[in-house]
Amino acid sequence: MFKVTGLCKQFVVGVGVHQVLSNLSFSIDSAKITAIVGPSGAGKSTLLSILCGLESPESGVINYLGRSLGDMKAEELAKLRNKEFGFIFQTPFYLPYKTVLENVLLAGSYAEESMDNLKAYASDLLVTVGLSEHMHKSPALLSGGEQQRMAFARAMLLKPNVIFADEPTASLDEENSTNLLTLLSEQVKLGRSVVLVSHDKEAIQWADTILEVGPKGKSINEL
Ligand SMILES: Nc1ncnc2c1ncn2[C@@H]1O[C@H](COP(=O)(O)OP(=O)(O)OP(=O)(O)O)[C@@H](O)[C@H]1O
Ligand SMILES: [Mg+2]
């Protein structure tokens, strides 16, 4: 699904250049959970941002289903991200003055479907993740685990092909981690793909493939 060749990424910091990823080549298969692991600062989050087209590399080719992200216009890339990719972050983000349901619907304005259909689908998603009773509350009133399940529902709204998750279980206890990982693995059974950055040993056990980024992003290998 992803085929990456010769990926290099650097950040300019002050007058210096910080090389973060050096000449990485790897592939990610579809309909699998792929975990990206490695030491802190190895560049895992940066790699995830590049895969989903939020950051661009200095050099290298990122092919997604045969299309090179680098060749796409900004609009085309934004459309691809909205239509095909879903995101879950380490710390759940939300708009506290909107309800849980409204937060799940945040990306709805990018959809081609009618708002009524989307609302019905968002409600179904919230029932699936066990938040039906909390739909009309502010997310600020939810526990961390509940907020992460809301984030999952939001990521699923536009039926993405790939779900990117950066340390999604980092702030969760074991039970809530298992809940979230179960939701993700059910999506994989439906043919979706999950790309997961994690330090969490339990999360890694759910992965079909583990890619380890070496210190300072100088290598990447399948474990
Ligand atoms: N926008 C930025 N500007 C400058 N340097 C950055 C930027 N983003 C990341 N870095 C640097 O790139 C390196 C890799 O960062 P990244 O967040 O990708 O690591 P990571 O593997 O996700 O680490 P962690 O496990 O701690 O989350 C770090 O040294 C970081 O300081
Ligand atoms: Mg990170």
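**Figure 1. K159 in the loop between α5 and β7.** In this predicted model, K159 is partly exposed, with a relative accessible area of 40%. The loop that holds K159 runs between α5 (144-156) and β7. K159 is not a glycine, yet its phi is positive, at about 50°. Most residues other than glycine have a negative phi.

**Figure 2. N23 in strand β2.** Strand β2 covers residues 16-28 and includes N23. The phi of N23 is positive, about 50°, although N23 is not a glycine. With a relative accessibility of 55%, N23 counts as exposed.

**Figure 3. D173 in the loop between β7 and α6.** D173 sits between β7 (162-166) and α6 (174-189), in the loop that links the two. Its relative accessibility is 44%, so D173 counts as partly exposed. The view also takes in E75, which is 98 residues from D173 in sequence. In space, the C-alpha atoms of D173 and E75 are 39 Å apart.

**Figure 4. The cysteines C8 and C52.** A disulfide is a covalent bond between the sulfur atoms of two cysteines. The chain has zero disulfides. The cysteine sulfur closest to that of C8 belongs to C52 and is 19 Å away, which is too far for a bond. A disulfide would need the two sulfur atoms within 2.5 Å. C52, likewise, is in no disulfide, and its nearest cysteine sulfur is that of C8. C8 is buried, with a relative accessible area of 18%. C52 also counts as buried, at 3% relative accessibility.

**Figure 5. The whole chain, as a setting for the close-ups.** The chain contains seven helices and ten strands. Its C-alpha trace spans about 50 × 40 × 40 Å along the principal axes. Of the 223 residues, 49% count as buried. Among contacts with a separation of 6 or more, 70% come from residues 24 or more positions apart.

**Figure 6. Surface and charge of the chain.** The accessible surface comes to about 10,900 Å². Carbon and sulfur atoms account for 51% of this surface. The chain carries 20 positive and 25 negative side chains. The centres of these two sets lie 5 Å apart.

Note on methods. Residues are numbered from 1 along each chain as its sequence is written. Chains are lettered from A and ligands numbered from 1 in the order in which they are written. This is a predicted model: local features need pLDDT of at least 70, side-chain atom pairs count only at pLDDT 80 or more; totals for chains, interfaces and linings use all residues. Side-chain values use heavy atoms; hydrogens and water are left out. Helices (H or I, at least four residues) and strands (E, at least two) are DSSP runs, numbered from the N terminus. Buried means under 20% relative accessible area, exposed over 50%, partly exposed in between (1.4 Å probe, protein chains only). Contact means heavy atoms within 4.5 Å. Accessible areas come from the Shrake-Rupley method with a 1.4 Å probe; for residues, only the protein chains shown count as cover. Lys and Arg count as positive and Asp and Glu as negative; His and the chain ends are not counted. The place of a charge is taken as NZ of Lys, CZ of Arg, CG of Asp or CD of Glu.
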